[in-house]
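These are my notes from going through one protein model.

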Amino acid sequence: MIWKSTNGMYVEMTEGVFTSIMEYVLSRKRGETGGILIGNYSDDLSTATILSASGPGPRSLFGLFSFTRRPIGLQAELDEEFISGRYYLGEWHCHPGTNCTPSFQDIRQMQAISRSPSYNCPEPILIVFGRSSPYDFNSASIVKGNGVVKLERVSSG
Ligand SMILES: [Zn+2]
């Protein structure tokens, strides 16, 4: 899957990552779930490639209409990825039905991440899936400071 912004930024998700996200989604019968996105950037920084995605951490809170990820347990995983040249890129989660529009609260959480020194990720990516048909209903956004760049899906590959 590839998403593109009007100013030429790309977010790519490998098929393997999409498959593993679907497994996390299907393992929860209802409600929201999510995790972090890990990958790297092209040399010119125009393309972020998502190479792996985590499921929820052990202490994450599940709710039918909310998902709050707790970073406990993920830091060790991130440290390991960092050593192999992969970085924290952002977050994914799913919404009920076909809704894949980031909520106001979703954007606020991403803005907090973008400002947080512990994430070291000033422009985090948020991918939201509508859980009833994630392949068809998804969105990608990049949060930059107080702004949000929405990307358009350009490839179903
Ligand atoms: Zn959300």
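Entry 1, fold. I take helices (H or I, at least four residues) and strands (E, at least two) as DSSP runs, numbered from the N terminus. On that basis I read the pattern β-β-α-β-β-β-β-α-β-α-β-β-β along the sequence. That is three helices and ten strands. The model is predicted, so I note that local features need pLDDT of at least 70 and side-chain atom pairs count only at pLDDT 80 or more, while totals for chains, interfaces and linings use all residues. Residues are numbered from 1 along each chain as its sequence is written, and side-chain values use heavy atoms, with hydrogens and water left out.

I looked up how the strands are arranged. Two strands pair if DSSP finds at least two bridges between them. Eight strands close into a barrel with mixed pairing, in the order β1-β2-β4-β3-β7-β8-β9-β10. Neighbouring strands of this sheet are turned by 30° against each other on average, direction ignored. For such angles, axes are lines fitted to C-alpha atoms (for helices over the stretch in contact), and angles run from 0 to 180 degrees between N-to-C directions.

I checked its pairing with β7 and found the parallel sense, over six bridges. Glu91 has Leu126 of β8 as its bridge partner, and His93 stands opposite Val128 in β8. Is β8 buried or exposed? I use buried for under 20% relative accessible area, exposed for over 50%, and partly exposed in between (1.4 Å probe, protein chains only). Six of the six residues of β8 are buried, so the strand is largely enclosed by the rest of the structure. In a regular strand the side chains alternate between the two faces of the sheet. In β8 both faces are covered, with Ile125, Ile127 and Phe129 buried on one side and Leu126, Val128 and Gly130 buried on the other. For the protein, 45% of the 157 residues count as buried.

His95 lies in strand β7 (residues 87-95) and Asp106 in helix α3 (residues 104-115), so the pair ties together parts that are eleven residues apart in sequence. His95 is buried at a relative accessible area of 4%, and Asp106 is buried at 8%.

I then checked the geometry.

Entry 5, aromatic pairs. I searched the whole structure and got five aromatic pairs. Rings of Phe, Tyr and Trp (its six-membered ring) pair if their centres lie within 6.5 Å; planes under 30 degrees apart count as stacked, over 60 as edge-to-face and the rest as tilted. Tyr88 and Tyr119 form a tilted pair, 4.9 Å centre to centre with 50° between the planes. Tyr88 lies in strand β7 and Tyr119 in the loop between α3 and β8 (125-130), so the pair ties together parts that are 31 residues apart in sequence. Tyr88 is buried at 7% relative accessibility, whereas Tyr119 is partly exposed at 23%.

The ring centres of Trp92 and Phe129 are 6.4 Å apart and their planes are at 70°, so this pair is edge-to-face. Trp92 and Phe129 are both buried. Ring pairs link Phe18, Tyr24, Trp92, Phe129 and Tyr135 into a cluster.

Most residues other than glycine have a negative phi, and most peptide bonds are trans. I noted Leu45, which has a positive phi of about 65°. Leu45 lies in the loop between β3 (34-41) and β4 (47-53) and is exposed at 61% relative accessibility.
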